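User: I would like to learn how to read the features of a protein model. Please take me through one, step by step.

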Amino acid sequence: MTTVKAFHKILNHQERLKNQAYLDYQEAVNAFELIAEQLYQLLYKKEQVEKEYNYYLTSSGTVTTLATHYAFIEQIKQKIYEVEMEVNRKRSIMEQKQQKLTSAHVEVKKYEKIIENKQKRAELKVKYLENQTMDELSSRQHFNYGNR
């Protein structure tokens, strides 16, 4: 039967794996947040340019100004599409890293529970042996003092 010490070594290894998975997850979250911030900035910029475009439509803006704003809006839309794809890719990576972190956490908990159960069993065995020894000693004392 495997000793508690061996399970502690396995637990230490699993904790290292969990810590590495956590670091990987944090890195993925940071990458996702960075690209999501880019998307937010692009959407904000598009909104501002569309406001200007609508202002020039209602006022007496030149055709060149309108064409320039329209082309810029289309360029921003294309960039938004590309960044959205990147956001989705980063989100997918982040979710995969989260799954790995969750499974690593579950593994650590399994080994902690195994160690806890083995330690309880060892304590029960020690108590049982102590009780057996005490019973034997009391029986011997009884017989030794009973013969006098």
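**Reading the model**

Analyst: Buried means under 20% relative accessible area, exposed over 50%, and partly exposed in between (1.4 Å probe, protein chains only). This is a predicted model, in which local features need pLDDT of at least 70, side-chain atom pairs count only at pLDDT 80 or more, and totals for chains, interfaces and linings use all residues. Residues are numbered from 1 along each chain as its sequence is written, and side-chain values use heavy atoms, with hydrogens and water left out.

User: What does Lys113 form a salt bridge with?

Analyst: The general idea comes first. Side chains of opposite charge can pair when their charged atoms come close. A salt bridge is a side-chain nitrogen of Lys or Arg within 4 Å of a carboxyl oxygen of Asp or Glu. Here the partner of Lys113 is Glu116, with the closest N and O atoms 3.8 Å apart. The two are 3 residues apart in helix H2, so about one helical turn separates them. Glu116 is partly exposed, with a relative accessible area of 35%.

User: How many salt bridges does the structure hold?

Analyst: There are 10. One of them joins Lys51 to Glu47, with the closest N and O atoms 3.9 Å apart. Lys51 and Glu47 are 4 residues apart in helix H1, so they too are separated by about one helical turn. Lys51 is partly exposed at 49% relative accessibility. Glu47 is partly exposed at 40%. Another bridge pairs the side chains of Arg140 and Glu136, at 3.0 Å from N to O. Both residues lie in helix H2, 4 residues apart, about one turn of the helix. Salt bridges that share partners also join Glu86, Arg89 and Lys90 into one network.

User: How many helices and strands are in the chain?

Analyst: Helices (H or I, at least four residues) and strands (E, at least two) are DSSP runs, numbered from the N terminus. This chain has 2 helices and 0 strands. Helix H1 covers residues 4–58, and helix H2 covers residues 63–146.

User: How does the radius of gyration of the chain read against a compact globule?

Analyst: The radius of gyration is taken over C-alpha atoms, and the globule rule is 2.2 Å times the number of residues to the power 0.38. A compact globule of 148 residues would come near 15 Å, but this chain has 35 Å. Along its principal axes, the C-alpha trace spans about 125 × 25 × 15 Å. Buried residues make up 18% of the 148 residues.

User: What share of contacts joins residues at least 24 apart?

Analyst: Contact means heavy atoms within 4.5 Å. Among contacts between residues at least 6 apart in sequence, 85% join residues at least 24 apart. Take Glu27 in helix H1. Its C-alpha atom is 8.5 Å from that of Met94, 67 residues away along the chain. Glu27 itself is exposed, with a relative accessible area of 57%.

User: Which residues have the most contacts inside the largest nonpolar core?

Analyst: In soluble globular proteins, nonpolar side chains tend to be buried together. A nonpolar core is a set of buried Ala, Val, Leu, Ile, Met, Phe, Trp, Tyr and Cys residues joined through side-chain atoms within 4.5 Å. The largest one here has 19 residues, and those with the most contacts inside it are Tyr25, Leu39, Ile80, Val83, Val87 and Met94. H1 and H2 are the elements that give two or more residues to this core. H1 gives the most, with 10 residues. Not counting residues up to four places away in sequence, Tyr25 touches Met94, Lys97, Gln98 and Leu101. A second, separate core of 5 residues includes Phe7, Val108, Tyr111 and Ile115.

User: How many aromatic pairs does a search of the whole structure find?

Analyst: Rings of Phe, Tyr and Trp (its six-membered ring) pair if their centres lie within 6.5 Å; planes under 30 degrees apart count as stacked, over 60 as edge-to-face and the rest as tilted. The search finds 4 pairs. The ring centres of Phe7 and Tyr111 are 6.3 Å apart with planes at 40°, so this pair is tilted. Phe7 in helix H1 and Tyr111 in helix H2 are 104 residues apart, so the pair links distant parts of the chain. Phe7 is buried at 13% relative accessibility, and Tyr111 is buried at 18%.

User: Is Gln14 buried or exposed?

Analyst: Gln14 is buried, with a relative accessible area of 14%. Gln14 lies in helix H1. Leaving aside neighbours within four places in sequence, Gln14 is in contact with Glu107, Val108 and Tyr111.
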